[in-house]
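Please have a look at the structure on the screen. I will go through a few salt bridges and then the ligand site.

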Amino acid sequence: MHRFAKLDRQFVWHPFTQMRHWLKREPIVIMSGQGAVLRDVRGQEYLDANSSIWTNLHGHNHPKLNAAIQRQLRKIAHSSALGLANEPASLLAQELVEAANSRSRRRQEADLKSSAESASSRRRLQKVFFSDDGSTAVEVALKLAYEFTRRARSVCVPPAAATKPQPRFLSLEGAYHGDTVGAVALGHIDLFHKAYSGLLFKTDKVMSPYCYRCPFNKAKPERADAREYRKCNWECVALVEKKFAAQKQRGNPYAAFVFEPLIQGAAGMIPQPSGWLRQVTDLARHNGALLVADEVMTGFGRTGVAANVSSRMALQHKDRPRSHERGYGRLFACHHEGVQPDFLCLAKGLTGGYLPMAATLTTNKVFDVFLGEYNEFKTFFHGHSFTGNQLGASAAMASLEILQSATSIQARQQLERTLGKELQTLWPLPNVGDIRQVGLVVGVELVRNWRTRAPFDLRARAGIRVCEMMAQLGVLTRPIGNVIVLMPPYCTTGTQAKQMVAALGEAVKKVIGVSRWQANR
Ligand SMILES: *Cc1c(COP(=O)(O)O)cnc(C)c1O
């Protein structure tokens with residue numbers, strides 16, 4: 001066993017990992033990377049098919065990112081944001097504000113004409129609070145939204161009302177917003193979160209549109225993305241409406257609605273049918289809730305250059321909201337449906353996946369509530385040691401520059417098409433139940449039998465085994481339960497994308513195709 005592997009096994013505790021299982025094998029030890037390729041200590045090469053857990057955008061060892069960090073390193077690596085400003089963080093804040101409000105002018109004018117959208121089109125994200133990772137980006141939004149609501153409400157409720165209800169949050173079924181305690185409270189994955197319930201505050205959840213397993217979807221399984229052939233009446237949206245109404249009736253309307261736009265990641269790569277986001281965020285707005293968009297995974301072009309248009313869907317549902325044509329070349333998933341949130345949480349891809357850095361963007365309306373004289377103590381009492389880190393900010397600036405280049409936009413469009421085409425080759429596999437693609441995010445849900453959608457028992461570790469086999473075939477990714485994730489770096493070539501999909505198909509055949517699981521059908 002390699003020395004580093006031995007040291008790892010002796011001393012390192014890995015995240016989200018059953019260490020007993022880990023300790024049974026020699027781990028892959030990564031030594032270097034180039035583009036979409038990772039290389040281990042033995043010189044074995046792998047394709048990084050989940051962009052190093054959804055963080056990497058432009059590939060490893062990118063000359064522009066490397067140069068930006070090196071340039072900054074010659075000046076300084078880090079100085080505190082407590083009491084001090086710095087060059088790259090101030091430049092990055094300006095860039096992020098620009099990007100976060102960059103819906104096209106044509107779009108904004110169109111929105112202004114339609115009265116329902118006029119309010120949201122005037123909503124601008126103006127302030128950037130830096131932190132270190134996705135969990136803290138969400139934690140910051142949570143605290144700000146809580147305090148904003150509390151203060152806004154204390155103006156209209158007499159202080160005598162001692163039992164003033166606490167601002168309450170609504171998020172989606174299966175939601176994952178990070179692992180710090182506040183972020184966990186917003187999450188609804190029992191497997192991860194139940195153990196800590198004693199540490200958490202109460203939040204509510206509402207149905208998310210999981211078309212493939214939706215009880216309201218009356219369509220029989222087809223060999224296509226379930227969103228396209230679904231038969232329903234948007235019951236999921238009606239449930240959101242009901243939830244808001246019920247909470248209002250209790251005299252404590254929701255303070256904020258927290259969501260991942262277009263696709264929920266850790267929930268199992270659950271994509272939203274076109275128009276869902278627009279409808280539910282309109283409902284949230286109508287009920288006075290703040291919108292907290294967690295774009296930790298979906299941000300920075302992940303969900304595609306153009307709106308995820310499903311032509312079949314558009315034909316079938318002519319009466320549906322006009323979201324299909326919305327947005328093009330947008331960096332954020334929200335903008336694909338013309339939604340402008342009050343909070344935008346960013347991390348993973350912010351630095352191109354190079355360094356741990358996060359940002360929470362919000363409006364002047366929120367910012368202003370924290371203004372006051374020193375002795376009023378309205379300060380936002382929150383911050384991290386590495387807030388506004390210079391190396392991270394420099395990498396982020398370079399990443400944003402790459403993202404705006406025509407070459408990057410074309411490459412992403414091409415990669416999205418190639419993936420879409422290659423994924424079609426997986427439909428003949430009887431254990432592939434659903435293939436879901438939103439831009440450059442793919443989830444392939446494995447089932448015991450596609451005709452019944454019968455799932456594998458998690459204990460059978462179907463997803464894990466398929467990914468282990470894919471690693472043997474030279475493609476690295478991690479499953480979410482029985483969903484295999486493909487989320488390639490944007491620099492992935494057509495040939496590499498093909499290899500990724502082919503390895504997935506091959507692994508499914510090898511691991512499940514002939515095994516005892518079939519006997520369970
Ligand atoms: C990964 C993720 C987080 C947490 O980010 P960390 O950097 O791992 O703390 C939060 N929200 C979403 C949607 C994520 O995908």
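**Salt bridges and a ligand site**

Glutamate 468 is partly exposed, at 27% relative accessibility. Partly exposed sits between buried, under 20% relative accessible area, and exposed, over 50%, with a 1.4 Å probe and protein chains only. Before I go on: this is a predicted model, where local features need pLDDT of at least 70 and side-chain atom pairs count only at pLDDT 80 or more, while totals for chains, interfaces and linings use all residues. Residues are numbered from 1 along each chain as its sequence is written, and side-chain values use heavy atoms, leaving out hydrogens and water.

What does glutamate 468 form with arginine 25? A salt bridge, with the closest N and O atoms 3.5 Å apart; the term means a side-chain nitrogen of Lys or Arg within 4 Å of a carboxyl oxygen of Asp or Glu. Glutamate 468 is in helix 19 and arginine 25 in the loop between helix 2 and strand 1, so the pair ties together parts 443 residues apart in sequence. Helices (H or I, at least four residues) and strands (E, at least two) are DSSP runs, numbered from the N terminus. Arginine 25 is also partly exposed, at 37%.

Another salt bridge joins arginine 227 and aspartate 225, at 2.6 Å from N to O. Both of these residues are buried.

Now the ligand. Residues around the ligand include Trp54, Tyr176 and Lys348, counted when a heavy atom lies within 4 Å. A side-chain N or O atom of aspartate 294 is 2.7 Å from a nitrogen atom of the ligand.

Methods:
Polar contact = N/O pair within 3.5 Å; in protein donor to acceptor, adjacent residues only side chain to side chain.
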